[in-house]
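Subject: Structure handover

Hello,

Here is the structure I promised to pass on. Please open it first, then read my notes below.

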Amino acid sequence: MPGKLFLLNRSLLTDLENFPLDPGTYIAGRSKKCDLVVADHTISRRHAEITVTDKTVTVRDLRSRNGVFIDKQRVQSSLLVAGQFLRLGRIVFLLAREGTPAWDLDSADETRDHKDVEGKTIPEHVAMRLSPAQIGVVMLLQEGRSEKYIAARLSLSPHTVHNHIREIYRALGVHKQSELVALLLK
């Protein structure tokens, strides 16, 4: 019989412990009054409600600012099954049962790549923390392109590209383009 359910922290942005899920209802958010406290600026004070029964896990967005995502799909309320990624703001968890193959995966084993039309890739654990627009910018940053080039190539204003880059660096915990490229090569 498979083991107990856990939300496994798969984010490089926080050192949260894995969170056990017994039957019940849990509130995840930034507030210290929450059951699952996630101290990150992209998490609302009361971000999501997680309801666990003997047979199902349901996640409901509590009108959070940065959303609740299962795999890459934003949801208001949805079932979550073992093996799926749950993203609150920019923090990523994997729902897994203790003792199953997903439980034993390390981040390299579970990484799926995000590919663009030209075949360039970025790791899934990076892509899950970024918006689609930011992913497009990252694809060009990893080639060593300048902000001006990226703005022209994506038909964006240089100011918008600069803001995307700032948010990308913040989301990924890097400070310059060379650190970003090193993270993508891991």
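Serine 155 lies in the loop between helix 5 and helix 6 (158–172). Helices (H or I, at least four residues) and strands (E, at least two) are DSSP runs, numbered from the N terminus. Serine 155 has a positive phi of about 55°, although it is not a glycine. Serine 155 is exposed, with a relative accessible area of 65%. Buried means under 20% relative accessible area, exposed over 50%, and partly exposed in between (1.4 Å probe, protein chains only).

Some background before the rest. This is a predicted model, where local features need pLDDT of at least 70 and side-chain atom pairs count only at pLDDT 80 or more, while totals for chains, interfaces and linings use all residues. Residues are numbered from 1 along each chain as its sequence is written, and side-chain values use heavy atoms, with hydrogens and water left out.

Overall picture

The protein has seven helices and 13 strands. Of its 186 residues, 45% are buried. Take the contacts (heavy atoms within 4.5 Å) between residues at least 6 apart in sequence: 41% of them join residues at least 24 apart.

Aspartate 71 sits in the loop between strand 7 (68–70) and strand 8. It is partly exposed, at a relative accessible area of 24%.

Six strands form an open sheet in the order 2-1-11-10-7-8, with antiparallel pairing. Strand 2 (19–21) and strand 8 (73–75) stand at the edges; each has a single partner strand, so one side of each is left without a neighbour in the sheet. Neighbouring strands of this sheet are turned by 30° against each other on average, direction ignored. Two strands pair if DSSP finds at least two bridges between them.

Strand 10 (residues 85–88) and strand 11 (residues 91–97) are antiparallel and share four bridges. Leucine 88 has isoleucine 91 of strand 11 as its bridge partner.

Asparagine 9 belongs to strand 1 (residues 5–9). It is buried, with a relative accessible area of 11%. Asparagine 9 and valine 92 are 83 residues apart in sequence, yet 6.4 Å apart in space, C-alpha to C-alpha.

Strand 3 and its partners

Strand 3 (residues 24–29) runs antiparallel to strand 5 (residues 48–52), and five bridges join them. Here glycine 24 is opposite valine 52 of strand 5. Strand 3 also pairs with strand 4 (residues 36–37), in the parallel sense, over two bridges. Alanine 28 is opposite leucine 36 of strand 4.

How much of helix 4 (residues 132–141) is buried? Seven of its ten residues are, leaving the helix mostly covered. The buried residues are Gln134, Ile135, Val137, Val138, Met139, Leu140 and Leu141.

Two packed helices are described by the angle between their axes and the distance between the axes. Axes are lines fitted to C-alpha atoms, for helices over the stretch in contact, and angles run from 0 to 180 degrees between N-to-C directions.

Helix 4 packs on helix 5 (residues 147–154) at an angle of about 130°, with the axes 10 Å apart. The two are therefore oblique to each other. Angles under 35 degrees count as roughly parallel, over 145 as roughly antiparallel, 65 to 115 as roughly perpendicular and the rest as oblique. The crossing is right-handed, meaning that the near helix is turned clockwise from the far one by less than a right angle. Helix 4 contributes Gly136, Val137, Leu140 and Leu141 to the contact, and helix 5 contributes Tyr149, Ile150, Arg153 and Leu154. Those residues divide into six nonpolar, one polar and one charged. Ala, Val, Leu, Ile, Met, Phe, Trp, Tyr, Cys and Pro count as nonpolar, Asp, Glu, Lys and Arg as charged, and the others, Gly among them, as polar.

Helix 4 also packs on helix 6, at an angle of about 90° and with the axes 10 Å apart. Helix 4 and helix 6 are therefore roughly perpendicular to each other. On the helix 4 side, Ala133, Gln134, Val137, Val138 and Leu141 meet His164, Ile165, Glu167 and Ile168 of helix 6. This contact has six nonpolar, two polar and one charged residue.

Best wishes
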